[in-house]
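Trainee: I would like to learn how to read the features of a fold. Can we work through a case together?

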Amino acid sequence: MDNDFMPLNKYPGDKIGEILIKRGIVKRDDVSNALLIQERIRSGLAKGEKVQDMKLGEILIKNGVITMDELSKALDEQGRVGGSIGRQLTKLGFLKDSELVSFLSKEFGAATVSLNDGEIPESVVKLIPPDLAVRYQVVPFKRQGNTLYLAVSDPTKVGALDDIKFLTGLNVEVVVSSESEIAQALSKYYNASTILTENKDYLNSIAIEEINEEVDISELQRSSSDKPVIKFVNKVLFDAVKTGASDVHAEPYESVVRFRYRIDGKLIEQMKLPGHLKNPIISRLKIMSQMDIAERRLPQDGRIKAKMDGKEVDMRVSCLPTLFGEKIVIRILDKSNLQLDMRKLGFSESQLSDFKTAIHKPYGMILVTGPTGSGKTTTLYSALSDVNKPDVNISTAEDPVEYNISGINQVQVNEEIGLTFAQALRSFLRQDPDVIMVGEIRDLETAEIAVKAALTGHLVLSTIHTNNASSTITRLINMKVEPFLVASSLNLIIAQRLIRKLCNECKEAYYPEVNVLKGLGFTEGEIQSKRFYAAKGCSVCNKTGYKGRVAIYEVLNVRDEIKNLIYENANEFEIDKLAIKLGMKTLLQSAKEKFLEGTTSLSEIIQYMEGENLE
């Protein structure tokens, strides 16, 4: 028996634990958890239990790799967002991916492998069915004679080995890889389309559906409930979440149905399937999102709540009748991807300082502007998260409520029953609020109530659709809000866009032509002794060269000098000129900074500059 585990259980009733509890050094739950883990390890060692039969957290504690407190925090995070314990430990910074892989390799006497180093032969991939590989989170990457080499991220979970040995008739050798590489390989090699292509007999049996446009509803219900269709749709959604897609597009055409994912703002085609499959697939999606599958002539909206990797993912579904059938677009709202730390959104130091000062004022209005999909909601949620304290009453009116945030009273706007933004705002003012967020200022009524709230001791946050910060002022005045009310109520205006970040795994250094950089407005001092990067493309970033996005901002602090211009009904050009003189960075300057930092590529900001025409 290992003496390291003797002291805690040396005395009846665990007296040491009781003493620690009474002195306030530890909580009773912490002692209970420690004893449970201790007993599990000790009893396992006593009966000769193999290391593989113990859980990953227990092994890491036993070897002093992590502490009990770190495991407890990781378990809490796992309970909140799901995923494996290893993933949570690395996500929280208690371990690096490489450290975990190295430790597991040493502990289990297994080799390590990087699945990004080369292509896995198709003949090897086909040895394990997609549903089995995804369920057990394993990737076959090599076969030598009668041995199949299997990449896993957690060797303690070996329930798959017997199934895979039986299925393949091969010996199985376990090799350790990182969880992120396992996820990328599963998404790459076990694409959703393989599920249906493995069921060719099924495809032929439902081909007759396209002969008659008046498809029997009972037939749609039957075909949408067949296992290959259910597996296929589930895998499409699983792949989308795994690859970090924000939207899934299912588009019917005359002879094919096309699936595309929007990843980092760009639509990427994933697969095309025979056109006769569109009805069962679309029907399955409509059933999942609680739409009426009998209604095929009118647009419909629905929602799907799915559990993936132990975490809940919310999906908004839109169905639109088109020439060759119904098109489905699914917006994926993965709360684990929501970035609430405003320091990581892309603000410069001066912009962040202005933003934090504005949101901690007792009253006034903060407006965020930008096109759809530019990250406005994330910026507002980060502000709300920063002021979300027990002594602050926060109410929001949203259309729709994208993420549920604890401690905030969120209202779903429903214009069909008269619950508009303006109506919600009026009600908020009778609810003793400190902070109010309105999803969007669309009309004079909402604007007037928001301004009134900002002038009567409330902090108001909202969005509005304009091109840049200064044009927001003109927009409010064009709505017939008096200039003196605009000047008195506004604290801050933020204009923003999203640009793609270079993939850290494959970005390559280069030096562009000096004349090109100078032609884009860079000075000699800015480009001197700088290292620049371009997109290359690898398996981590789906060959795009980009992974993730970052915001660029234009933060207009409505100082007294700006207020005076608004009183005088100055135009956008005059406001912009003074704001820049007072230190405001434009969207273009923010984009250039991201390039100079090595965050994005020249081609990305050139495309942005041409599209926005901000010079």
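Trainee: At what angle do the axes of helix α24 and helix α25 cross?

Mentor: Some ground rules come before the answer. This is a predicted model, where local features need pLDDT of at least 70, side-chain atom pairs count only at pLDDT 80 or more, and totals for chains, interfaces and linings use all residues. Residues are numbered from 1 along each chain as its sequence is written, and side-chain values use heavy atoms, with hydrogens and water left out. Helices (H or I, at least four residues) and strands (E, at least two) are DSSP runs, numbered from the N terminus. Axes are lines fitted to C-alpha atoms, for helices over the stretch in contact, and angles run from 0 to 180 degrees between N-to-C directions. Here α24 (residues 560-567) and α25 (residues 572-581) cross at roughly 170°, with axes that come within 10 Å. That makes α24 roughly antiparallel to α25. The classes are: under 35 degrees roughly parallel, over 145 roughly antiparallel, 65 to 115 roughly perpendicular, the rest oblique.

Trainee: Which residues of α24 and α25 meet?

Mentor: Contact means heavy atoms within 4.5 Å. From α24 come Glu561, Ile562 and Leu565; from α25 come Glu574, Ile575, Leu578 and Ala579. By class, this contact of α24 with α25 has five nonpolar, no polar and two charged residues. Nonpolar covers Ala, Val, Leu, Ile, Met, Phe, Trp, Tyr, Cys and Pro; charged covers Asp, Glu, Lys and Arg; the others, Gly among them, are polar. The loop between α24 and α25 holds Asn569. Asn569 is not a glycine, yet its phi is positive, near 60°.

Trainee: Now the whole chain. How many helices and strands does it have?

Mentor: The count is 27 helices and 18 strands. Of the 615 residues, 48% are buried. Buried means under 20% relative accessible area, exposed over 50%, partly exposed in between (1.4 Å probe, protein chains only). Look at contact range too. Among contacts between residues at least 6 apart in sequence, 64% join residues at least 24 apart.

Trainee: In what order do the strands of the six-strand open sheet run?

Mentor: Strands of a sheet pair through backbone hydrogen bonds, either parallel or antiparallel. Two strands pair if DSSP finds at least two bridges between them. This sheet has the order β6-β5-β4-β9-β8-β7, with antiparallel pairing. β6 (266-274) and β7 stand at the edges with a single partner strand each, so one side of each lacks a neighbour in the sheet. From one strand to the next, the twist averages 20°.

Trainee: Which residues make up the covered face of β7?

Mentor: In a regular strand the side chains alternate between the two faces of the sheet. On β7 (residues 300-308), the covered face has Gln300, Gly302, Ile304, Ala306 and Met308. Its uncovered face has Asp301, Arg303, Lys305 and Lys307. Nine bridges join β7 to the antiparallel β8 (residues 311-322). His249 stands opposite Val329 in β9.

Trainee: Which helix lies across β4, β5, β6, β7, β8 and β9?

Mentor: That is α15 (residues 278-288), running at about 45° to β9. Nine of the 11 residues of α15 are buried, including Lys278, Ile281, Ile282 and Leu285. Just after α15, Gln290 takes a positive phi of about 60°.

Trainee: Is Asp264 buried or exposed?

Mentor: Asp264 counts as buried, at 15% relative accessibility. Asp264 sits in the loop between β5 and β6. Its phi is positive, about 55°, although it is not a glycine.

Trainee: What is the strand order in the open sheet of seven strands?

Mentor: Read β12-β11-β13-β14-β10-β15-β18, with mixed pairing. The edge strands, β12 (409-412) and β18 (546-557), each pair on one side only. β15 (residues 490-502) pairs with β18 in the antiparallel sense over 10 bridges. Ile494 stands opposite Val555 in β18.

Trainee: Which helices lie across strands here?

Mentor: Take α18 (residues 421-428) across β11 (394-398), β12 and β13 (435-438), at about 170° to β11.

Trainee: Which residues does a cis peptide bond join?

Mentor: Asp399 and Pro400, with omega about 0°. Pro400 is found in the loop between β11 and β12.
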